[in-house]
Amino acid sequence: MTSAAYRPEPERGPVPAPAHGEAGPAPARDGAGPSDDRTAAPVPTVLHVDMDAFYASVEIRRRPELRGRPVVVGSPGPRGVVLSATHDVRAYGVHAGQPVGRARRLCPQASFVAPDHDEYARVSGNVMEYLRTLTPVVEPLSLDEAFLDLSGALRRLGRDPARIGADIRARVADEQGITCSVGVASTKFVAKLAGATVKPDGLRVVRDDEVIAFLHPLPVDRLWGVGERTEAALTRLGLYTVGDIAHTPPATLCRALGQAAGRTLYALAWGRDERPVVPSEPERSIGTEETFPADVDDPDTIRRALLRLSGRTGARLRGAGLAGRTVTVKLRFSDFTTLTRSKTLREATDVGREIYTAACALHAALGLERARLRLVGVRVEHLVPGDRPRQLLLGERETGWAEVERAADAVRDRFGGHALAPASLLPGTPAAPPPRPPRTGR
Amino acid sequence: MKFRVERDVLADAVAWTARSLPARPAVPVLAGLLLEADGGTLTLSSFDYEVSARVGIEAEVEDEGRILVSGRLLADICRSLPNRPVEVSTDGAKVAVVCGSARFTLPTLPVEDYPALPEMPTAAGSVAGDVFAAAVAQVAIAAGRDDTLPMLTGVRIEIEGDTVTLAATDRYRLAVRTFLWKPDQAGLSSIALVPAKTLNDTAKALTNGDSIQIALAGDKLGEGMIGFEGAGRRTTTRLLEGEFPKYRALFPDGAASVATVETAPFVDAVKRVSLVAERNTPVRLTFSDGRLVLEAGSGDEAQASEALDASLTGDEISIAFNPAFLLDGLSAIDSPVAQLSFTTSTKPAVMTGKPDMDAEATDEYRYLIMPVRLSG
Amino acid sequence: MTVWDDLVGQDRVIAQLRSAAVGARGVLAGEESSGGMTHAWLFTGPPGSGRATAARAFAAALQCVSPDLSLGGEPGCGHCDGCHTSLTGTHADVDVVSTELLSIGVKETRDLVRRAALSPAGGRWQVIVLEDADRLTEGAGNVLLKAIEEPAPRTVWMLCAPSVEDALPTIRSRCRHVALRTPPVAAVADMLMRRDGIDPEMASYAARATGGNIDRARRLATDEQARSRRAEVLGLPLQLGDIGSCMAAAQRLVDAAAADAKEITAELDARETEELRNALGANGPGGRLPSGTAGVVKELENRQKKRATRTQRDCLDLALVDLTAFYRDVLTVQLGAPVPLDNEQVRPSVDRVARAGTPEDTLRRIEAILACREAIDANVAPLLAVEAMALTLRAG
């Protein structure tokens with residue numbers, strides 16, 4: 001007998017695109033010649049919407065006396081850091097992540113404001129809600145950034161994504177009182193870069209036949225995933241622009257940077273980014289993630305992280321009086337490719353141990369024993385009220401982890417968060433690592 | 001090839017064989033129905049690599065032969081034939097079906113590409129058709145339908161001398177039925193895990209006649225397969241791999257409460273009560289002396305409530321179940337009176353049938369059902 | 001006729017497999033394993049040498065039920081039910097697994113391992129032919145390894161990969177290795193003459209031009225259009241006058257490869273679709289399908305689309321390989337090596353190009369073609385990559 005072809009795994013990330021020819025448009029050469037003998041290039045439909053100096057803008061919006069003045073939003077306390085700053089302040093060398101004391105010295109005339117995270121979440125929620133009226137395919141990346149995929153909505157909204165981008169900017173400015181920058185292209189990577197080049201308060205469209213001309217002159221650090229180390233490695237190879245990377249044989253890049261990074265950068269250098277815009281509805285799930293201080297490949301460390309995250313997620317579910325049926329694990333590798341895998345359980349759960357079991361199974365099924373991870377996340381979706389009747393299973397133990405964890409909740413409520421933990425997470429084993437400072441400013 | 005057959009006999013045979021045709025054939029030829037005419041018999045076969053079906057019918061065979069035609073097409077044609085004798089003949093690469101004034105032609109499929117059907121294992125014994133059909137129906141209802149746990153989608157067949165035990169579970173309920181049969185050899189002992197769906201279909205289709213043969217290989221040849229033969233029809237099925245749960249240990253020892261209720265009013269009450277509430281809302285049963293109260297809806301606000309006569313020995317008990325599982329059990333016991341045994345409200349209940357309120361329950365059929373834990 | 005007839009120039013391999021097949025019969029009869037029969041095999045060889053063909057032939061020999069056998073005949077008659085259905089891939093116990101995707105993952109491999117553990121329906125052997133074993137992910141490889149280490153008594157694994165290095169080390173150490181070689185040009189020519197009735201001169205040309213790839217040789221020998229397209233490709237080095245001509249030449253190359261691919265797949269697709277529609281009950285070509293079967297046909301179409309894209313890339317790659325052969329001939333002439341040219345029939349062009357440059361130029365050109373093939377493999381748009389290559393070929 002003969003088996004049919006396998007079903008593709010729903011993977012994201014820059015694995016070389018499956019050979020089905022529809023994967024992204026072919027970027028045309030520079031100074032494109034007449035294209036009548038080819039089919040017309042498809043309309044770019046990926047939008048990157050990025051609110052300018054978000055926290056600062058929100059503060060200015062509600063305190064009009066700050067308008068026109070330099071504003072820095074910094075976390076309070078002696079070791080506070082800059083979270084966001086208006087664009088004029090950045091000219092003084094102030095940037096996100098900097099200690100507030102230093103920022104004050106660099107720009108003493110700026111107004112320093114404490115953050116109001118609830119308000120930022122609210123405003124962000126409003127903006128995302130508005131974006132979702134345009135298309136359901138909205139992927140928020142953070143409070144102030146989102147990708148949209150308009151391919152399904154063009155007929156309804158009119159075929160000109162540039163116009164739609166302009167409308168979005170106008171609407172957000174009008175309704176929320178803050179500005180945003182929009183980049184339009186056929187891929188996430190180029191759309192985001194396009195927006196970045198016209199920040200603040202700008203709109204940029206990069207058509208398919210402009211992609212190469214747009215990308216190749218850019219310096220290599222504009223490529224997603226290129227940090228200091230990678231940039232140094234590229235400089236050693238004599239590669240300074242994206243164009244330089246594009247004209248380097250992929251084998252050379254792979255030797256210098258590793259298989260995955262080499263292939264990714266090569267693809268990005270030619271404008272290829274297969275990542276689809278994946279809609280997410282943040283309210284519909286509860287979860288948490290953790291970035292390792294250094295990339296990790298030890299399976300025990302990863303499992304302990306999963307245990308910790310699962311426990312936390314379980315506690316949050318119980319605190320919210322919810323349970324969820326689908327457990328999702330998110331893994332981000334050292335080259336920034338990100339995978340998620342989900343598993344739907346037969347019954348909704350709010351028990352950390354059950355979430356942990358599912359998360360471990362998902363991680364193990366990937367068979368990536370020696371891949372280096374940067375970040376791990378656990379999330380529970382398809383939420384339902386936590387006190388639903390529960391169909392029991394034959395052979396199930398009468399009392400189990402559910403009861404243990406509820407008892408533990410009570411202990412922690414009384415004696416504090418660290419009073420009780422699973423043995424494998426006790427000190428002596430590496431403690432829970434502190435989160436990294438945020439990479440981009442707000 | 002050329003033969004003549006009775007219309008109804010043909011249509012029947014084609015319809016039955018066509019049921020085993022795969023909807024998504026792994027290779028095109030598997031969508032074909034194999035027709036073999038020789039002697040005074042026409043044999044029809046179908047196969048999907050897991051299940052094979054074969055039936056022989058009487059035919060006037062003028063020219064012997066072996067052809068393969070699209071099963072779906074033939075089945076459609078047979079359904080629309082008038083009530084006259086049917087004559088089938090090959091003409092080059094086509095097949096002509098003539099019946100009364102109706103005439104159809106079908107293309108043939110490459111018969112040389114059709115895989116050889118598995119051999120029937122040697123017969124192990126036989127059992128009365130109606131007994132088998134009833135037993136399968138009572139047990140298959142509890143089998144799981146989740147493909148990610150394949151060993152739960154099967155019915156376990158245990159043969160121990162002249163006793164056959166069937167068991168199936170989806171981890172929420174477990175059904176076990178024993179019956180006697182006539183083994184070909186004394187001291188036969190064998191175990192098989194058969195996909196529930198196939199067993200169900202087989203039980204329905206092969207039990208028209210008096211008895212059904214069950215064929216299980218104990219040796220190398222035909223290992224991993226089970227065959228059934230009855231009413232002139234024959235099927236083979238691949239057995240499932242995997243560990244079936246050790247189910248005997250799941251039956252509680254002893255009972256703290258035993259309740260007896262007339263089945264028919266019980267069934268009606270469960271249906272009425274669960275109709276009012278949302279789908280699959282658990283039904284709570286509260287047994288006290290002389291009474292059973294049914295409530296649907298969890299928590300304090302019961303959305304519907306009914307009371308029935310019931311006799312109770314032992315402790316009072318309040319316990320909740322998924323109504324569909326309850327109804328499955330009540331219909332499977334197929335008896336005027338239902339007896340339920342309980343220990344606690346979070347442990348399984350055992351349901352069996354009795355002919356009347358005072359009779360003793362037998363162990364021939366038991367249905368174990370796990371309760372629902374209501375929010376505490 | 002035997003099942004080994006489709007293998008060309010692989011006498012040693014055939015001997016190895018025949019012996020194993022005879023040994024296998026012994027095992028079924030209760031004897032100890034002999035003749036080199038074992039349960040895990042690794043077939044390797046260059047493209048077009050017939051790896052998958054050899055595996056299928058071996059599978060057929062294992063499932064052969066020829067009446068001849070009881071009279072002392074050898075397994076692998078090619079006629080009987082067992083042989084025929086094994087070769088066509090419809091035998092219930094021969095599972096030929098191939099994929100259009102870039103990798104075979106853990107989940108698919110688990111399914112495969114599960115199927116492999118079942119006893120054969122026909123009572124002989126449960127054979128799994130895994131055609132692209134070089135595409136197993138590491139996780140999938142581990143899953144497979146367990147199954148190969150502890151095989152079910154009647155299960156035989158046959159893995160195919162381009163070379164031993166392409167198979168995971170842990171797996172290849174547990175497989176009996178069957179190494180196919182590039183069939184000698186003479187053997188390929190001989191087969192074309194015998195089986196396809198090609199005249200000796202054409203057979204010889206086709207065999208040499210395709211470097212021992214049987215399928216390509218057959219196409220070249222029987223298809224006028226394929227030959228003219230190939231001639232076009234070989235003419236490219238002389239059409240690189242100025243930038244405009246380079247661009248035009250690149251476009252022609254890409255178009256020619258696409259046309260080639262289309263021809264190959266169109267025929268195959270039409271046949272498969274017809275077979276499936278017939279089987280599902282469409283009465284005659286173009287007849288209506290019974291309700292509920294459209295989905296199955298759609299699945300086939302999707303698979304065919306994927307295959308078409310693969311074929312396009314393969315045809316383009318082959319055209320670039322042909323081009324490389326041209327420049328190798330140029331190098332041969334420039335170095336004065338006493339070796340016959342691959343493309344003797346375009347000798348004048350080869351000479352011209354040889355005279356117009358140095359061996360170093362030619363080496364750089366060959367590298368440019370390789371870079372182009374790599375770029376296409378890494379998903380650069382084909383036309384872009386070929387244009388870049390054409391410009392480099394011009395400059396030298």
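## Chain B overall

The secondary structure of chain B comes to six helices and 28 strands, where helices (H or I, at least four residues) and strands (E, at least two) are DSSP runs numbered from the N terminus. This is a predicted model, in which local features need pLDDT of at least 70 and side-chain atom pairs count only at pLDDT 80 or more, whereas totals for chains, interfaces and linings use all residues. Residues are numbered from 1 along each chain as its sequence is written, while chains are lettered from A and ligands numbered from 1 in the order in which they are written.

Of the 376 residues in chain B, 47% are buried, a residue being buried if 20 or more other C-beta atoms, placed from the backbone, lie within 10 Å of its own. Two residues are in contact if their C-beta atoms, placed from the backbone, lie within 7 Å; among the contacts in chain B between residues at least 6 apart in sequence, 66% join residues at least 24 apart.

## The sheet of chain A

Chain A holds an open sheet of three strands in the order β4-β3-β5, with mixed pairing; two strands pair if DSSP finds at least two bridges between them. The edge strands, each pairing on one side only, are β4 (82-85) and β5 (111-113) of chain A. From one strand to the next the twist averages 25 degrees, with axes taken as lines fitted to C-alpha atoms, for helices over the stretch in contact, and angles running from 0 to 180 degrees between N-to-C directions.

Strand β3 (residues 71-74) of chain A runs antiparallel to β4(A) and is joined to it by three bridges, and A:G74 has A:V82 in β4(A) as its bridge partner. Helix α1 (residues 54-62) of chain A packs on this sheet and touches β3, β4 and β5 of chain A, its direction making about 115 degrees with that of β3(A).

## An enclosed strand in chain C

Strand β4 (residues 155-161) of chain C is largely enclosed by the rest of the structure, because seven of its seven residues are buried. C:T155, C:W157, C:L159 and C:A161 point one way from β4(C), while C:V156, C:M158 and C:C160 point the other way, and all are buried.

Strand β1 (residues 40-44) of chain C runs parallel to β4(C), with five bridges joining the two, and the partner of C:A40 in β4(C) is C:W157. Five bridges likewise join β3 (residues 126-130) of chain C to β4(C), again in parallel, with C:L130 bridged to C:L159. Together with helix α5 (residues 138-149) of chain C, β3(C) and β4(C) make a right-handed β-α-β unit; a crossover is right-handed if, with the strands pointing away from the viewer, the path from the first strand over the helix to the second runs clockwise.

Terms used: A residue is buried if 20 or more other C-beta atoms lie within 10 Å of its own, exposed if 12 or fewer, and partly exposed in between; C-beta atoms are placed from the backbone.
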